[in-house]
Amino acid sequence: MRSPCVHELFEAQVSKTPDALAVIDDEVDGETSYAELNLRANRLAHQLRALGVGPESCVGVCLHRGTDMLVVLLAVLKAGGAYVPLDPDYPADRLAYMVADSGAPVVITSRKLEGSVGDYSGVLVYVEDECAGREDNPRPGAHPDNPAYVMYTSGSTGRPKGVVVAHRGVVNRIVWGQEYFGLSSGERLLQKTPYSFDVSVPELFWPLSYGATVVMARPGGHRDPAYLARVINERNISNVHFVPSMLRAFLATPFGALPTLRRLMCTGEALPGDLVAAVYERIGCDVYNLYGPTEATIEVTAAHCLPGESVTIGLPIANTRAHVLDEDFQPVEEGQLCLAGVQLARGYHRRPGLTADLFVPDPHATEPGARLYQTGDLVRRLPDGSIDYLGRLDQQVKIRGNRVELGEIEAALADHPAVAAAAVTCQAGKAGDQRLIAYLVPAEDGADPLRIDSMREWLSRRLPEYMIPTVCVTIGEVPMSVSGKIDRKSLPDPGTARPELDQSYLAPRTSTERALSEIWQDVLEVSPVGVRDAFLDLGGQSLAATAVCARIRQALGAEVSIDAMLTAATVERLGEIVDSAATPVSSIPLAGHRDTGIPLSSAQQQLWLLDRLAPGSADHNLYESYRLRGDLDPDALRLALAGTMARHHVLRTTFPERDGLPYQLVGRDSPVPFEVRDLEGSAAGERAALVMIEEESLRPFSLADGPLVRMLLLRLGAADHILLVVMHHIVADDWSLDVFWRDLCACYRAEIMGNQPELAPLPIQYADYACWQRERSVDSGLDYWRAHLDGVPLELELPLDHPRGAQGASAEAVVELTLPAETMRTVAVTSKASGATPFMTMLAAYVATISLSTGRDDFVIGTFAGNRTRIETENLVGLFVNTLALRMRCAGDPSFAELLGRVRSAALGAYRHPDTPFDRLVTVMRPPRDLSRNPIVQVGFQSLGARTSRVALPGIVCSPVRAGQSGTTLDLLTIVRDDTVEVHYRRDLFTQATADTFAGDFAAVLAAGAGQPEIRLSGLR
């Protein structure tokens, strides 16, 4: 039985699922079933057969992306021919050359694009003229070894060359892809790659071979990250391809969760490891790195990429061999990558000499006639057999995923009458792209510098947009090596000076123009930028435009599309768009009077409910105490507390009920809860003070009656005091304590000096924030967290010393341990090498410790975000802290380095959604109702600064005494403060001995993992 052709895979699927959705055209919002798509393609295929199209025939296709384009490609294949993509965005001269070189007797296009292929003498077929005809599948015409397409790539001789690719190789790639990825019939794949680039082939024909749906992005949509994010979300895309440079621009664009996206495949350029990590952080889908030149049918190696691991191009796909060879075609560890197998192209169209040069007999094959393609890529073979891409052996470069021969650009430049010689180099730009730099020697001595605008106009008639240099440098001569080749390393640095342009420099005149000019200067690396300088003339292109739009959004609050950016062309015109589109960044409004009272914030609501479940509990008391030595003025301290409470309304707030629902009530004349106790002369004064600190920290508050803060000053001597402050967590968090002490000290200094405290007015109060938070949509954040936690068990049971009771909150106890200096040093080294923070490295060790103690490889660890994402909240006392539920995966016995990569991804993903209220997450996740444990998160980890005095009073020496929280809802919370580990545990569940053992285990795992990142999880036992 012979191998099928590409279109025959589609026809077989049509017979299985004729009514299934085959295509969604996003441009026109049209849907087409498998049966309808097949009938349309069949009618055109029969028409093409009547025009003489058959095996070995080339048919030019010049259309924009859409359902019509897909119909035409299928029709050409069904007729037995090979399609030749003629991208309408290419210059007419280039398209005319491709049509002539291919010898295509028929070109299919649209009347809107009439004239795009120049003065064509063959048969033109217009898609608008679709007519009735035979609708049955044409009898098989093509053989698997006949060409399916002829795709033109950049040529070093100055002309593009056509690569002839047969059905057999395409089918092998499609079948392998299905076996490797397992696309299901209900999935949707986004078709966004221009069909002149071979990645479009699996985008189009892989889903159609297995009952899935192709979603056709609108023409030009592949250059607009915001559009792509929207269509991925709205069309429920599960699979998408990205060129790495475009992926970087995509990830820099704000978008919400993309819960349906399962696989992101990268190809066309080297894939940096930071992008892999960013995808896992931002999206949470699998990432694959695929490699393959056009001459080897799309992709021939593949690697599944994980954050924190080195990125390779992986292993060969089915029926493909990848050799690493030296100049004599002998195997070496590092050398040229040479490919063999069924996916090799037939060669270059009408270029037998070039075909023979690059497609050579395979000396390592056993079958007769086997060939070897020399890729020109420098690689090395790794011990596990995978291949690491190192670079090129020649001057070929990749621009936005497109292969570019610098010689073709140099030849086009040298044809200009004002140019005597030209050289072109490639240089990395700030926007994450590659920039082409042209060095030109004028044809006449003493001639004016050659301008980039005139060169662009010349080249735009000959080369695709991505092959046009963005910078033009005039030089006296092109440096040459001793072998007679261009010595590109000796070419001068292009610098950042503004190029010579037709128009003179005009400085920015308005604040918007100044801001835009600075953005352009930074992204384009050109200075100065005049308001009438054209974006393209300054080296701009689509990726740079993406970066500019992102910065406009951030700096000016305006949403500007890529198309609008490129259409505006100048700072002057763009400024007009920005001024009309800009909306001020939303601020938190003042709540004003509300008849129903001020609602509680989400975090406050959660604590209020816990208080209702355990009335009279002190579990949520926060306390700090300091020894104060010096001349202290208690009256000034009382007035300072009064001033601080007047400044922060939340410290005067109580939480009464109305109809069973709580609300915030700010007291106007709240008493100042300040008490002085004199212990001077007491034999046990210091011990008595510690007892009082414990008693006061455990004395409960009444949320309905207040006050919810109290201060106790214990007098040990004339110049020796202990100051204790206790607050209910419902009005403060750890950040708030910093703010509280700072403002209290400022008020104390002002009282001592007899003036007003030097404190800026607060723009809002906590009640304003609570109202704003309650009315704000958090749907996108919830989507992220729901996807992040999908399928993970929401209960983590640690080995307990005592049976779990009916209630979750409990008094806590703490054990401490000091980490060795060597451990802290290795943590710093490993963190830096892994692109992680010390917190992430310590969290990875904590995750490993939990996994080893429970035997679980998929669980949730909680950590905490300050959640002050608005500048108005930075100087407020209040409860802002939010719990982040991090899913931790330890399956597969990962190395510590691999585990750190996973932890880093989870943490960074969480940091992008820090303000989704935890209680809202609990509501949507619906964990089993169990009052004996905290929902979703039972174990936490936090890294805080060392306990130092937050108190700075004039003439007073301050030192910490005791601080903490009286109780806890978590079973276990570990806090690392510099080199000190604090294990906070529930007394009703664990003994001190167990807590000590756990602290020691964590310290040992941290030392081993940070010291030997390659060690496996199983080796940390």
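Colleague: Why is E130 counted as partly exposed in this predicted model?

Modeller: E130 has a relative accessibility of 36%, and because partly exposed covers the range between under 20% for buried and over 50% for exposed, E130 counts as partly exposed.

Colleague: And what makes R43 buried?

Modeller: R43 has 18% relative accessibility, and since buried means under 20%, R43 counts as buried.

Colleague: How do you know that E130 forms a salt bridge with R43?

Modeller: The closest N and O atoms of E130 and R43 are 3.2 Å apart, and a salt bridge asks for a side-chain nitrogen of Lys or Arg within 4 Å of a carboxyl oxygen of Asp or Glu, so the pair meets the rule. E130 lies in the loop between β6 (123-126) and β7 (147-153), whereas R43 belongs to helix α2 (residues 34-50), so the pair ties together parts that are 87 residues apart in sequence.

Colleague: Why is the contact of R235 with D26 called a salt bridge?

Modeller: The closest N and O atoms of R235 and D26 are 2.9 Å apart, and the cut-off is within 4 Å, so this pair also qualifies.

Colleague: What makes R235 and D26 buried?

Modeller: The relative accessible area is 14% for R235 and 17% for D26, and because buried means under 20%, R235 is buried and D26 is buried.

Colleague: How do you know that the side chains of D971 and R986 meet in a salt bridge?

Modeller: The N to O distance between D971 and R986 is 3.3 Å, and the rule asks for within 4 Å, so the pair counts as a salt bridge. D971 lies in the loop between β40 (967-968) and β41 (972-977) and R986 in strand β42 (residues 980-986), so they tie together parts that are 15 residues apart in sequence. Salt bridges that share partners join E795, E797, R804, D930, R933, D971, R986 and D988 into one network.

Colleague: What makes D971 and R986 buried?

Modeller: D971 has a relative accessible area of 0%, as has R986, and because the cut-off for buried is under 20%, D971 is buried and R986 is buried.

Methods: Residues numbered from 1 in each chain as written. Predicted model: local features only at pLDDT ≥ 70, side-chain atom pairs only at ≥ 80, totals over all residues. Heavy atoms only, no water. Buried < 20%, exposed > 50% of the residue type's maximum accessible area, 1.4 Å probe, protein only. Helix = DSSP H or I, 4+ residues; strand = E, 2+ residues; numbered from the N terminus.
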